[in-house]
Amino acid sequence: MSPAAAPSNGLRLVLASTSTYRRQLLERLGIPFTVAASNVDEDPLPGESAVDLVQRLARAKAEAVARRHTNSLIIGSDQLALCGRDILGKPGSGERAIAQLKSLSSQRVVFHTAVHVINTNGPSNEGHVDLTTVHFRQLNEDEIKRYVMRDKPYDCAGGFKVESLGVALFNRIESQDPTALIGLPLIWLAGALRRNGFDLP
């Protein structure tokens, strides 16, 4: 979204992410914002848990962008998907997406989605982690191939797009915030924005 005048609280809103999915989610709230790449190293630390990793990265992304902006509220976010103890990355290709979905047939995947906000004018510095559990139904190879050809979920952890046809792959989803699974927990974030003087809706 292009730069716009600061709202009445004097703060500009900056999303510390170049993710198309996060940008589209934030646009739902109707507040002008800009985006900025954080360029943070996302490798896990030795022995770091999934929750600790996503919290640290969301905060690190917000901090990196905050150093380059004044009079701003910075939003950092990170997401990690686990099947058992295995971290699920973005497949990157159709062949890998098919293989990943085959391995997830009848499995449970837990998505950890962290968000962190920093007010560069004040003490506001807070974060949140949402846990979403996705229960895959039993999938056969033909329907997996049809799905991947249709949705092309190459840049999505787990190899699916829940906001599109991917929702047909599941038995159920357990979540307190459906937007968290797409990449940005808007329910918590809306509260953080209000606490920092932004008018919603």
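Lys-152 counts as partly exposed because its relative accessibility is 46%; the class lies between buried, under 20% relative accessible area, and exposed, over 50% (1.4 Å probe, protein chains only). The model is predicted: local features need pLDDT of at least 70, side-chain atom pairs count only at pLDDT 80 or more, and totals for chains, interfaces and linings use all residues. Residues are numbered from 1 along each chain as its sequence is written, and side-chain values use heavy atoms, with hydrogens and water left out.

Lys-152 sits in the loop between H4 and E7. Helices (H or I, at least four residues) and strands (E, at least two) are DSSP runs, numbered from the N terminus. The phi of Lys-152 is positive, about 50 degrees, although the residue is not a glycine. Most residues other than glycine have a negative phi. Ala-168 lies in the loop between H4 and strand E7 (170-174). Ala-168 counts as partly exposed, at 39% relative accessibility. Its C-alpha atom is separated by 37 Å from that of Val-65, 103 residues apart along the chain.

Now take H4 itself. Its buried residues are Glu-143, Ile-144, Tyr-147, Val-148 and Asp-151. They share one side of H4, because they cover an arc of only 135 degrees around the axis; the arc is that of the directions from the helix axis to the C-beta atoms. An α-helix has 3.6 residues a turn, so residues three or four places apart point the same way. The face of H4 turned away from the buried side carries exposed Asp-142, Arg-146, Met-149 and Arg-150. The buried residues of H4 pack against H3, where contact means heavy atoms within 4.5 Å.

H3 covers residues 94-104, and Gly-94, Ala-97, Ile-98, Gln-100, Leu-101 and Leu-104 are buried there. Their arc is only 165 degrees around the axis, which puts them on the same side of H3. Glu-95 and Arg-96 are exposed on the face turned away from that side. The buried residues of H3 pack against strands E3 (72-83), E4 (86-88), E5 (108-119) and E6 (125-136), and against helix H4 (141-151). After H3 comes Ser-106, with a positive phi near 65 degrees.

Another positive phi belongs to Asn-39, at about 55 degrees, and Asn-39 is not a glycine. Asn-39 is in the loop between strand E2 (34-35) and helix H2 (50-66). Its relative accessible area is 72%, so Asn-39 is exposed.

Step back to the whole chain. The protein has six helices and seven strands. From the N terminus on, the order is β-α-β-α-β-β-α-β-β-α-β-α-α. Of the 201 residues, 50% count as buried. Among contacts between residues at least 6 apart in sequence, 67% join residues at least 24 apart.

The C-alpha trace spans about 55 × 35 × 30 Å along its principal axes.

The protein exposes about 10,200 Å², and carbon and sulfur atoms supply 48% of it. Accessible areas come from the Shrake-Rupley method with a 1.4 Å probe; for residues, only the protein chains shown count as cover. There are 23 positive and 21 negative side chains, and the centres of the two sets lie 3 Å apart. Lys and Arg count as positive and Asp and Glu as negative; His and the chain ends are not counted. The place of a charge is taken as NZ of Lys, CZ of Arg, CG of Asp or CD of Glu.
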